[in-house]
Amino acid sequence: MNGAQGPVHAHGTRFRHADGTPYHPITTTVPQADPRTLRALAGGPFNRVRLTASAALPLDVLDQQVAACGRSGLQAEIVLRDRSAVAATVRRLAHHPHVWWSAPPDHEAQTDIQEHDHGHHPLTVHGPPDTDFGAPWITHASVRHAQTRAVSGLVHTLGKPVVVDYCGAEGDAADDPEQALPGQELTARLWEAVCRGGYAAHAEAWGPTPWSEGGGELSGTAVERVAFLRAVLDDAPGEGLAHTPETYDASTLEAAGEYVLQYLGPHRYPRRPFDLAGGRWTVDVIDTWNMTVSPRAPVSGGAFQVELPAQPYLAIRLRRS
């Protein structure tokens, strides 16, 4: 699929393949894509993987793993930590159309990447929201932040795609509450990021050798909900998606006059008001945790309300037909 659609590049505040097909990064993090981890990735919902132990692998092994990711339909982000190895790593891997770079936080290392990256792949740095993502060669922001509702402000300020590549992990870590999130909370953070105009990444921290530190097998409850979110995004319009803070008081992704996806999070609203452009609209109430879509009677444009059950983690999807 990656080969047919071409490499991914930033396009405004979103991503696209070279043929114009929208690309929604559905990301997870592992140290490396060894055979056992690749089998789990191939059976999972992800289309992008961050490889955090890239610097510890021999280049030929890393090259083979990146190639295997491509065969499984995965974009592969290489986390570059050691400036002394940047040039050799980039030269070796730049021929892969599906590779991304996560650069060290210094401009000289980033210059080295640009010099040796003949494929002009996506390039970012990873850090908290106050990281300097503004340089023109930084194609998108890779953020570490538990509050994914902050995505909308970053997208507005930067005018670039924003991916919260770490927003916490589903797991049971004893010494870090952000790595001991219940699946509902991680899933909610992912939906908040999407409906705020960006993206957030899945992570797991179960047991002594968790997925995000050791790879191997996925075991959390959020994974299948990530697959459900990906299916919702795959059905969204290809153009015009953006967060609309001036219109709604809940996290809302919209293609003006065509599509609305509003996430209600933990709130138990009995109803939600909308005022839509003229035409016929389909109405779906989405249970993001139980992964169900409940169609409601279509409506015409204008003011109306969607009646809701008194339960959390719902979303509302409106599509002009």
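Modeller: Contact means that heavy atoms lie within 4.5 Å. The model is predicted, with local features needing pLDDT of at least 70 and side-chain atom pairs counting only at pLDDT 80 or more, while totals for chains, interfaces and linings use all residues. Residues are numbered from 1 along each chain as its sequence is written, and side-chain values use heavy atoms, with hydrogens and water left out.

Colleague: Which residues does Leu51 touch, not counting residues up to four places away in sequence?

Modeller: Leu51 is among the residues with the most contacts inside the largest nonpolar core. With residues up to four places away in sequence left out, Leu51 touches Val30, Pro31, Gln32, Ala33, Leu62, Val66, Ala76, Glu77, Ile78 and Val79.

Colleague: Which helix gives the largest share of this core?

Modeller: The core (buried Ala, Val, Leu, Ile, Met, Phe, Trp, Tyr and Cys joined through side-chain atoms within 4.5 Å) has 69 residues. Buried stands for under 20% relative accessible area, exposed for over 50%, and partly exposed for values in between (1.4 Å probe, protein chains only). Besides Leu51, the residues with the most contacts inside this core include Val49, Ile78, Trp101, Ile113, Trp191 and Leu261. The largest share, 7 residues, comes from residues 183-195, which form helix H7.

Colleague: How many residues are in the other core that lies apart from it?

Modeller: Among the members of that other core are Trp281, Val283, Leu308 and Leu314. Its number of residues is 16.

Colleague: How many residues apart in sequence are the parts that Arg48 and Asp165 tie together?

Modeller: Their side chains meet in a salt bridge (Lys or Arg side-chain nitrogen within 4 Å of an Asp or Glu carboxyl oxygen), at 2.9 Å from N to O. Arg48 is buried at 0% relative accessibility, and Asp165 is buried at 1%. Helices (H or I, at least four residues) and strands (E, at least two) are DSSP runs, numbered from the N terminus. Arg48 lies in strand E5 (residues 48-51) and Asp165 in strand E10 (residues 162-166), so the separation in sequence of the parts they tie together is 117 residues.

Colleague: Is Arg189, the partner of Glu185 in a salt bridge, buried or exposed?

Modeller: The N to O distance between Arg189 and Glu185 is 2.7 Å. Both residues lie in helix H7, 4 residues apart, or about one turn of the helix. Glu185 is partly exposed at 28% relative accessible area. Arg189, at 9%, is buried.

Colleague: Which strands hold Arg271 and Glu307?

Modeller: These residues form a salt bridge with their closest N and O atoms 3.5 Å apart. Arg271 is partly exposed at 38% relative accessible area, and Glu307 is partly exposed at 42%. The pair ties together parts 36 residues apart in sequence, because Arg271 is in strand E17 (residues 271-287) and Glu307 is in strand E18 (residues 292-307).

Colleague: Which residues do salt bridges that share partners join into one network?

Modeller: The whole structure has 18 salt bridges. Those that share partners make one network of Arg48, Arg50, Glu77 and Asp165.

Colleague: How many disulfides does a search of the whole structure find?

Modeller: A disulfide needs two cysteine sulfur atoms within 2.5 Å. The sulfur of Cys195 is 14 Å from the closest cysteine sulfur, in Cys167, which is too far for a bond. Cys195 is buried at 0% relative accessible area, and Cys69 is buried at 0% as well. The number of disulfides found is 0.

Colleague: Which strands are the edge strands of the open sheet of 6 strands?

Modeller: The order is E14-E15-E16-E19-E17-E18, with antiparallel pairing (pairing requires at least two DSSP bridges). Within the sheet, E15 (residues 251-255) pairs with E16 (residues 259-263) over 5 bridges, and Leu253 stands opposite Leu261 in E16. Pairing on one side only marks the edge strands, E14 (242-243) and E18.

Colleague: What angle does the direction of H7 make with that of E16?

Modeller: Axes are lines fitted to C-alpha atoms, for helices over the stretch in contact, and angles run from 0 to 180 degrees between N-to-C directions. H9 (residues 222-234) lies across E16, E17, E18 and E19, at about 170° to E17. H7 packs on the sheet, where it touches E14, E15, E16, E17 and E19 (314-320), and its angle with E16 is about 145°.

Colleague: Where is His120, which has a positive phi although it is not a glycine?

Modeller: The phi of His120 is about 50°, and the residue is exposed at 59% relative accessibility. Tyr313, in the loop between E18 and E19, also has a positive phi, near 65°. His120 is in the loop between helix H5 (107-116) and strand E8 (123-127).
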